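Here is a short tour for a first look. Keep the sequence and the structure in view as you read.

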Amino acid sequence: MTETRTPGALGEPTVPVRPGWISLLFGANTGLWLGIYAPIQVLLPEQAAHLDAAHKELVFGIVTGVGAVVALLTNPLVGLASDRTRSRFGRRHPWTFAGAVCGALGLVVLALAPNVAVMVAGWCLVQAGLGGMLATLTSAVPDRVPVGQRARIGGLVGISQMLGTVLGAVLVTVLVTSLPGGYLACAVVVVLGVAAFVLRTADTTAVASGRPATGWRVDLRGLWVSPRRHPDFAWAWGCHFLINLGNSLGTFFLLFFLTDAVHHPDPDTGLLIMMGLYGVALVIGGLVVGPLSDRTGRRKPFVLGAVVVMAAAALVLVLWQTWPAALAASPLLGIGFGAYWAVALAILTEVLPAAQDRAKDLGVINIANALPQVIAPLAATVILAELGGYPGLFAASAVATLAAGASVLGVRSVR
C-alpha cells in the first residue's frame, strides 16, 4: 500500500499526502479524462460522420447531449451513495472501480455500434460510469488533502485532465487508428488507471461517523443545496459552470472547425498539434499557479487572471478563423485553464456545506462539468446555423468565460 494512514471520514485532513498517493490519484484521473475526451474530441465526431455524414453535427450533438444528461444525474447520486456506504473496502473505492467497469463497458458498446441508437446507449454507459467515478475521485481531495496543499493537488488534477485529453488524441490518432480499436484502447486505460489507485491506496471509512440513519427519500431531497443558506457554494458553482460552458463551446467542435472553417488538409493532425500546445501551456499554468496560490493563501485573483486569458483565446478565433490563429489560441486557452484548475478545487472544497456530504456536494458541483456538455452541443448547433457561425460560437465562449469571473467575486469566504 502506498498510503497507509486512514483519517476519519469526517475529520479535516491535517497530514500532507505523500507523492505515491498523489501519483496514483493523478493516474486514475488521467485515465478518466482520456476515457471522456478521446471520444469527444476524435472518436465520436468520426463515428457521427461515418454513420450519418449529412447530419454529423446533429448526431454528435444528440449523442453528447444525452450522455451528459446521464452524467448530470449519476454524478451526485453516486457521490451520495458513497457518502452513505459502509463496507470493509471503504466507501469511495467500490464506487470508483464500479464506475470504471461501467465506463469501459460503454466504450466496448461504442466500438461495436452499428447505428446512432446504439451509439447513444454506449455513450450513456460511459457517462454514467465515468461521471460517478469523477464524484468519488474528486471527493478524495477533501477526504485526504489538507487545505494548504489543495491548490497544488488541484493543479495536478487539471494537468491530468489535459494529459488525458492529449494522450487520448495521440492514442486514437497515432497509436490505434481504427475506430473500434480506439474505443477498446480507451477502455483498457480507464480500468488500469483506476485499478492501480484502488488496489494501492487506503480508503476512508464512515463506520463511526455517528450520522443518524435517514431514508433515501430524505437523502435525495438533500441533493438540493440552498443558495440562500450557502451563497458561497452557489457562487462557486456558478463560476465553475460558466468556465466549463465557455470551454465546451470553444472546444467541442474543433475537429469540425479545422475541417470546415480553417480547411486544414489533415484535421486530425491539426487537432493533435493544437492539443499539444494546449497541454504544454496548461502544465505551465497549473504548476506555477498552484504552489503560488497555496503560499499566498489567495485564490480569486488567479481565477480572474485565468478568465481574462481564456477569453482572449476565444476572441482570437472570433477575429481570425485561420490555422495561425488556432495555433496562437491553443496555448492561451491552455495556460488559462491550467491556472483556473490549480485553484478551482481549492475554492470548491473550501465552500462545501457539510463534511458528511462531501462526495454528494462535489457531485452537485460536478454537474457544472456535465451540464455544459448538454447545453454546449445544442447551443453550438443553433449558433453555427443561425447566429454567426464559428465567430459567433467563439464569441459565446468568451462571454461565458468572462461571466465566470463575475461569479467568483461573489464568493466571500475565500480570498
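## Buried and exposed

A residue counts as buried when its relative accessible area is under 20%, and as exposed when that value is over 50%. The model discussed here is predicted.

His93 is found in helix H3, which covers residues 93-112. Its relative accessibility is 7%, so His93 counts as buried. Leaving out residues up to four places away in sequence, His93 touches Phe197, Val198, Thr201, Ala202 and Asp203.

## A histidine in a loop

Now take His263. Its place is in the loop between helix H9 (254-260) and H10. Is His263 buried or exposed? At 57% relative accessibility, His263 counts as exposed. The backbone has a feature to look for here: phi of His263 is near 60 degrees. That is a positive value, in a residue other than glycine.

## Helix H4

Helix H4 runs over residues 116-144, a total of 29 residues. How far apart are its end C-alpha atoms? They are 42 Å apart. At 1.5 Å a residue the helix should span 42 Å, so the two values agree.

Of the 29 residues of H4, 23 are buried, so the rest of the structure largely encloses this helix. Look also at the start of H4. There, a side-chain oxygen of Asn115 comes to within 3.2 Å of the backbone nitrogen of Ala117.

## After H14

Val414 sits in the segment after H14. Its relative accessibility is 3%, so Val414 counts as buried. Which residues does Val414 touch, not counting those up to four places away in sequence? They are Arg299, Lys300, Ile347, Glu350 and Val351.

Val414 can also be set against Phe97. The two are 317 residues apart in sequence. In space, Val414 and Phe97 are 33 Å apart, C-alpha to C-alpha.

## Cavities

The structure holds eight cavities of 30 Å³ or more. The largest cavity has a volume of about 280 Å³. Its lining is made of 24 residues. Asn247, Thr251, Leu254, Tyr278 and Leu333 lie nearest its centre.

Several helices give two or more residues to this lining: H1 (19-51), H5 (150-175), H8 (231-251), H10 (267-296), H11 (300-319), H12 (323-350) and H14 (389-408). What classes of residue line the largest cavity? There are 14 nonpolar residues and ten polar ones, and no charged residues.

Methods:
Residues are numbered from 1 along each chain as its sequence is written. This is a predicted model: local features need pLDDT of at least 70, side-chain atom pairs count only at pLDDT 80 or more; totals for chains, interfaces and linings use all residues. Side-chain values use heavy atoms; hydrogens and water are left out. On a 1 Å grid over the protein atoms alone, a cavity is a set of points where a 1.4 Å probe fits but cannot get out, and a pocket is an open set with protein on both sides within 12 Å along at least five of seven lines; lining residues have an atom within 4 Å of a point. Grid points are joined across faces, edges and corners, and a volume is the space filled by probe spheres set on the points. Helices (H or I, at least four residues) and strands (E, at least two) are DSSP runs, numbered from the N terminus. Ala, Val, Leu, Ile, Met, Phe, Trp, Tyr, Cys and Pro count as nonpolar, Asp, Glu, Lys and Arg as charged, and the others, Gly among them, as polar. The expected span of a helix is 1.5 Å times one less than its number of residues. Buried means under 20% relative accessible area, exposed over 50%, partly exposed in between (1.4 Å probe, protein chains only). A polar contact is a pair of N or O atoms within 3.5 Å; within protein, one must be able to donate a hydrogen and the other to accept it, and residues adjacent in sequence count only if both atoms are side-chain atoms. Contact means heavy atoms within 4.5 Å.
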